[in-house]
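Me: I'd like to go through how the parts of this model pack against each other. Can you take me through it?

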Amino acid sequence: MDFLNAIILLLNYIIVPALAYGSQLALGAIFVTLIYGILRFANFATGDMMSFGTMVAILFTWYFQSLGISLGVLPTALLAIPLAIVFMILYMLTIDKFVFSYYRIKKSPPVQLAMVSIGVMFVTQAIVRIIIGPFDRRFFDGEKFIIKANQFKEMTGLNEGLTIKSTQVLTIFLTIIVVSILFWFLNKTKTGKSMRAYSDNEDLALLSGIDPKRVVMITWMIAGILATIGGVLYGLDKSFKPFTYFNNMLPIFAAAIVGGIGNPFGAFLGGYVIAFSEIFLTYAYKKFFMYMLPENMEPNSLIQLLSTDYKFAVSFSILVIVLLFRPSGIFKGKIL
Amino acid sequence: MKQYANVITAYAIMIGLIILVGIFQSWNIAFSIFNLCLISAVMTMGANIQWGYAGLINFGIMGYTALGGLAAVLVSVPPVREAWQVGGLSMLFCLFIIVLIVFSIRYVLKNFQKSKRKNIYIASIIVIGLIILRIVSGPAIHSIEAVEPAKTGFLGGLGLPIIFSWIVGAFFAGGLAYIIGKVALGLRADYLAIATLLISEIVIAIIKHEDWLARGVKNVIGLKRPVPYEVNLQSEQWFIDLVAKWNRGVLDLISTAEGKQAALSQLVIESSSVFVKICYSGLFLTVVVILLIITQKALYSPWGRMMRAIRDNEEAANAMGKNVVKQHLLIFILGSAIVGIAGAMMVTHDGLFTPGSYRPMRYTFLIWVMVIVGGSGNNFGAILGGFAVWFLWIEAAPIALFLINLFTSGLADTNAFKLHLIDSVPYFRFLMMGIGLLLIMRYRPKGILPEKINIK
């Protein structure tokens with residue numbers, strides 16, 4: 001019986017990684033949900049747009065590194081984020097102008113816009129791969145760990161070590177800041193309110209003098225910020241690879257729908273729901289039970305609910321279950 | 001005749017392009033492009049039935065393709081007796097348990113009123129069932145995978161000719177479509193797209209990681225072919241005679257008998273692989289033609305009219321007494337079954353099953369590009385889309401290389417920018433697909449060959 005060790009074990013292998021992964025998903029999911037709520041289509045180019053923003057950030061990071069600029073213990077990529085956001089927003093507005101706006105003005109059905117977004121997905125993917133190549137890129141520098149397992153063991157005298165990577169703390173911290181600013185913006189400012197009104201009822205919003213062009217532009221700008229920050233944080237925490245980013249689109253969609261599509265707060269929580277359930281269900285609890293149970297009752301199998309190969313499948317199964325029982329998501333969707 | 005003019009022109013151009021590849025690159029490449037074009041055409045027809053006839057959006061094409069491929073493995077590979085001995089019974093028992101779970105859930109659903117208790121019952125049935133499954137299957141899977149893991153390590157199949165798998169694949173994919181349709185068809189269009197995409201990912205995850213079923217990512221290679229092997233052909237007298245006859249003009253130019261013999265054997269080796277590809281083309285063409293006749297008949301039948309009515313105005317069709325839900329489910333199954341056939345055909349053609357290669361980009365989104373580009377609702381358009389897009393997908397790299405060289409001809413060969421561009425030639429295909437799709441969506445939203453219904 002050793003509760004402390006067991007708790008540290010869970011913290012180390014489940015809670016901290018899941019919080020970081022969940023934050024990354026949450027940023028992406030809010031991006032999807034905003035586009036869905038205001039522009040009214042499922043954006044299949046989500047993952048690739050995130051990889052575009054990350055790519056720009058990586059290029060700037062390399063440039064800064066070659067100049068010898070760094071942030072000391074923090075990764076240089078943080079400096080590159082604002083510049084990357086500018087490029088990302090420009091790219092998104094260009095795409096909107098040349099591709100999406102035509103269908104929006106024509107009031108095409110959402111399916112057609114989703115199809116168009118597939119075209120954008122192909123193009124963005126090509127641009128990213130042509131510029132930076134399809135390979136794995138690591139662009140992290142600075143201090144890697146805040147607490148190392150060995151240090152922690154020495155400090156506390158416990159058997160289990162706790163490792164906290166600086167990228168994990170950074171991810172959670174930045175996400176909280178970005179998301180709280182976003183919610184403040186949506187709920188308290190006039191522009192945010194006009195966006196919510198537009199999402200709620202387009203015609204009424206137009207009648208009360210809300211400029212749709214402005215709403216759309218601001219939506220893309222916020223989307224650009226979210227996509228870049230989410231993408232860079234994921235890349236810092238793991239690594240940047242265009243194919244992985246494309247694949248990340250799927251859990252992000254799952255998070256957005258689970259939270260209730262069109263509802264930013266739902267998407268935010270949805271990210272954590274997906275991340276936690278993925279890691280909870282695929283973790284092998286053998287060691288945990290070794291600490292929790294008396295010695296003679298030690299389990300002899302891994303006590304793993306699902307093998308880690310099914311990590312992605314877990315989130316999709318949750319999505320299917322949610323779609324079956326609560327098609328509007330856990331938190332009522334489509335309010336914004 | 002006049003109304004078919006554009007169809008005939010489009011197809012003539014397409015065939016002409018493939019022939020050009022044959023002349024300028026090689027006939028081997030031309031026929032392998034042609035074969036994959038035919039397979040793509042079958043997939044596109046399946047997607048077109050769902051999207052063009054009924055307006056259902058199905059992004060799960062990858063899943064059905066993989067199931068078709070799985071069928072090819074399960075039908076054609078000879079059974080692994082040892083594996084069956086050590087774990088076959090338990091696996092059969094697991095199947096029985098799954099059936100039991102399904103039926104008990106059905107029973108609960110039918111005979112209990114809507115309440116919290118019902119949900120608890122269902123949840124507990126699933127949880128208990130899964131635990132029993134884990135307990136029964138765990139050791140069995142372990143011992144099955146331990147049987148010669150380098151070569152087999154799975155249950156194997158039935159050992160039948162692989163051609164049967166085309167039908168079995170259709171049934172597999174149709175079965176999956178039945179389940180997905182029951183779950184997801186009530187959803188709005190874009191939700192349905194996301195849901196099917198994610199479900200197909202689940203299917204791929206299962207095929208990839210259940211090694212006892214089809215070796216997972218370890219791949220199954222050397223599947224039996226329905227057509228002759230090159231090596232056997234090269235020693236057949238009739239084939240050598242045929243090649244000699246075909247290339248008489250070339251051979252006559254060589255004066256010495258020895259030189260003639262050497263040239264002939266070289267020609268035999270080359271043409272044997274072309275001959276194999278032609279055999280495949282014949283088989284695939286038969287499937288495409290049969291499917292085309294059936295789908296064309298269906299399109300002009302009362303049933304096709306009803307489907308179009310449902311697509312164009314669901315409520316009106318419902319008010320006229322058409323069972324929209326049932327028809328949607330039916331067409332979802334039919335379309336998916338056709339995709340399943342294509343999946344089995346593809347594995348038959350490759351002779352190997354590699355679950356790791358099933359990626360949504362290639363097997364879902366590309367097929368959708370084909371449907372949109374070709375012309376949704378028009379079977380000829382769908383087939384043309386399959387041909388044109390696959391041709392571009394393969395030939396994009398040479399075209400891109402040509403264009404890059406053309407535009408950067410002013411730069412030195414060692415220019416870093418030029419070298420970088422030449423290195424990234426393979427990714428220009430994505431660019432071409434994307435721009436092609438966007439242009440078609442914008443300026444010809446109904447595709448190259450738009451839907452044209454002329455009731456006689």
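Reply: What follows covers a helix pair, then the chain contact.
This is a predicted model, in which local features need pLDDT of at least 70 and side-chain atom pairs count only at pLDDT 80 or more, while totals for chains, interfaces and linings use all residues. Residues are numbered from 1 along each chain as its sequence is written, and chains are lettered from A and ligands numbered from 1 in the order in which they are written.

Me: At what angle do α3(A) and α9(A) cross?
Reply: The axes of α3 (residues 77–106) and α9 (residues 212–237) of chain A cross at roughly 135° and come within 8 Å; axes are lines fitted to C-alpha atoms, for helices over the stretch in contact, with angles from 0 to 180 degrees between N-to-C directions. Helices are DSSP runs (H or I, at least four residues) numbered from the N terminus.

Me: Which residues of α3(A) meet α9(A)?
Reply: Among them are Ile81(A), Met88(A) and Asp96(A), which belong to a set in α3(A) that meets residues of α9(A) including Trp220(A) and Val232(A); contact requires C-beta atoms, placed from the backbone, within 7 Å.

Me: Switching topic, how many residues of chain B are in contact with chain A?
Reply: On the chain B side there are 33 residues, in contact with 35 residues of chain A.

Me: And which element gives the most to that side of chain B?
Reply: That is α7(B), with 14 residues, and α6, α16 and α19 of chain B are also among the elements that give two or more.

Me: How far apart are the C-alpha centres of domains 1 and 2 of chain B?
Reply: These centres lie 34 Å apart, with domain 1 spanning 2–79 + 156–443 and domain 2 spanning 80–155, bounds that come from an automatic or database domain assignment.

Definitions and conventions: Contact = placed C-beta atoms within 7 Å.
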